[in-house]
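Dear colleague,

Please find below the structure that I am handing over to you. My notes on what was found in it follow directly after.

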Amino acid sequence: MRLALLPLLLAGCGGSGAAPGVDASLDGFVEAAPEASHDAAADALQDAPEGAVEAGVDCGIDVPGALLDEMAAIATAMQMGAAVGSNALVVPTTAARDTFAHTVVAVLGGDEGAACALPPSYRLMRMVDPTAGALRVVAEVTGSGQPAPALFYGTYAAPRVVPSPSRALVVEAPHPLFDLDTELQATEVFVRSASRGLLVAGAHRCTDVDASACSGTTNACDGTVQPYRVSDAAHEDALPFHAVHALLSDGDAALLFLQLHGNGEPCPTALVSDCSGDWNDAGAAATLASALTSRGIAIGQCGAGYPTATCDLCGTDNVQARYTAGSPEACTELGSHYGRFVHVEQQLSLRQAPDAGVGGYEPLVDAVLATFPAQ
């Protein structure tokens, strides 16, 4: 079943298939018409503190500095506030998840007034990143921009105005902290690629102990093979991370997604897939694999030699990939038309910050710039 919020959103868009604040073209995601998205977010306003939503009230804050530094501070606060097994991540009701995701997309799309409907602990930050320029960032921060996680729903960013040229790409990090440095790597890719959006999950994948109802198993949390945990954003459709992804995916059929993961298994430096289980020589995943190879990175191709008994990380149970591939029930069922979603499992050497601008994630950033066209 598709997300419960979509019928409401489609009704607000005249049945276009796009969420309010996310136009049929990607330009609607950045600088959407305030009237359309604010009206569609009206149901969320009842959850805001009494008196918080008034005409002319600015519910955003202006924060100096670079997004990468802010993300590093947020990651540190996440690690301190949501330890493995702590159950600190608040799994919302379906209605709360949908309302939150809808509000995030409206805010990032240009309706800054909708930020007044964000739940307490979340704020709109306006930043001018030295590389990416003017950004909107929705995160759990204090009034001065200091990280203050409480719900652990994730951090979301988009340019305030679509750069020209720009890439019709959203960069995602569903396993911050566990997949070491991927939250920082994804942020760096976002700011340097003129991409349309950044999604970083709000907690370690093993924060909560309850099992996800979604299909698949892992030994990531305690070394024994068990179902994914409900806090695992790549394998749980009940989380706001997934709902925001779904809205953006439905909002523009031309939008592509790059999801960055890390692994310590005996795999190549980068294991690349579209999460279908097959290898498509003509797809974006293949183009990225070629770009990485040309930069000296050892790659593996899912569906062409992988998975193996010791390297089985091809993402076929990734719920965001399934959703974008048209699955009617992303939690448990495969999609039918893959190609818009690129999944990269990486050794630590490819995820770390470069040393004096050399090595680290530089080859991945360069490969992304070569793979996804800027228009």
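Cys267 has a relative accessibility of 12%, and because anything under 20% counts as buried, this cysteine is classed as buried. Please keep in mind that the model is a predicted one. The partner of Cys267 is Cys311, and the two form a disulfide with their sulfur atoms 2.0 Å apart. The torsion about their S-S bond is about 115°, so this disulfide is right-handed. The pair links distant parts of the chain, 44 residues apart: Cys267 sits in the loop between E9 and strand E10 (270-273), while Cys311 sits in the loop between strand E12 (305-306) and H8. Cys311 is buried as well, with a relative accessible area of 0%.

As a reminder, a disulfide is a covalent bond between the sulfur atoms of two cysteines. The structure holds five of them. When the bonded cysteines are counted along the chain, the pattern of pairs reads 1-2, 3-5, 4-10, 6-8, 7-9.

Another of these links is formed by Cys214 and Cys331, whose sulfur atoms are 2.2 Å apart. Here the torsion about the S-S bond is about -115°, so the disulfide is left-handed. This pair, too, links distant parts of the chain: Cys214 belongs to the loop between E6 and strand E7 (217-218), Cys331 belongs to the loop between helix H8 (319-324) and E13, and they are 117 residues apart. Cys214 is buried at a relative accessible area of 4%, and Cys331 is buried at 7%.

A disulfide also joins Cys302 to Cys314, with an S to S distance of 2.1 Å. The value about the S-S bond is -85°, and the link is left-handed. Cys302 lies in strand E11 (residues 299-302) and Cys314 in the loop between E12 and H8, 12 residues apart. Both of these cysteines are buried.

Cys275 is itself buried, with a relative accessible area of 1%.

I turn now to the strands and helices. E5 runs parallel to strand E6 (residues 195-200), and five bridges join the two. E5 also runs parallel to E9, to which four bridges join it. Val170 illustrates both pairings: its bridge partner in E6 is Gly197, and its bridge partner in E9 is Phe257. Together, E5, H5 and E6 make a right-handed β-α-β unit.

Within H5 (residues 182-193) lies Glu188. Is this residue buried or exposed? Glu188 counts as buried, at 12% relative accessibility. Leaving aside residues up to four places away in sequence, Glu188 touches Leu68, Tyr361 and Val365.

H10 (residues 362-371) is mostly covered, with seven of its 10 residues buried.

Yours sincerely

Definitions and conventions:
Residues numbered from 1 in each chain as written. Predicted model: local features only at pLDDT ≥ 70, side-chain atom pairs only at ≥ 80, totals over all residues. Heavy atoms only, no water. Buried < 20%, exposed > 50% of the residue type's maximum accessible area, 1.4 Å probe, protein only. Contact = heavy atoms within 4.5 Å. Pairing = 2+ DSSP bridges. Right-handed = clockwise from strand over helix to strand, strands pointing away. Disulfide = S-S within 2.5 Å.
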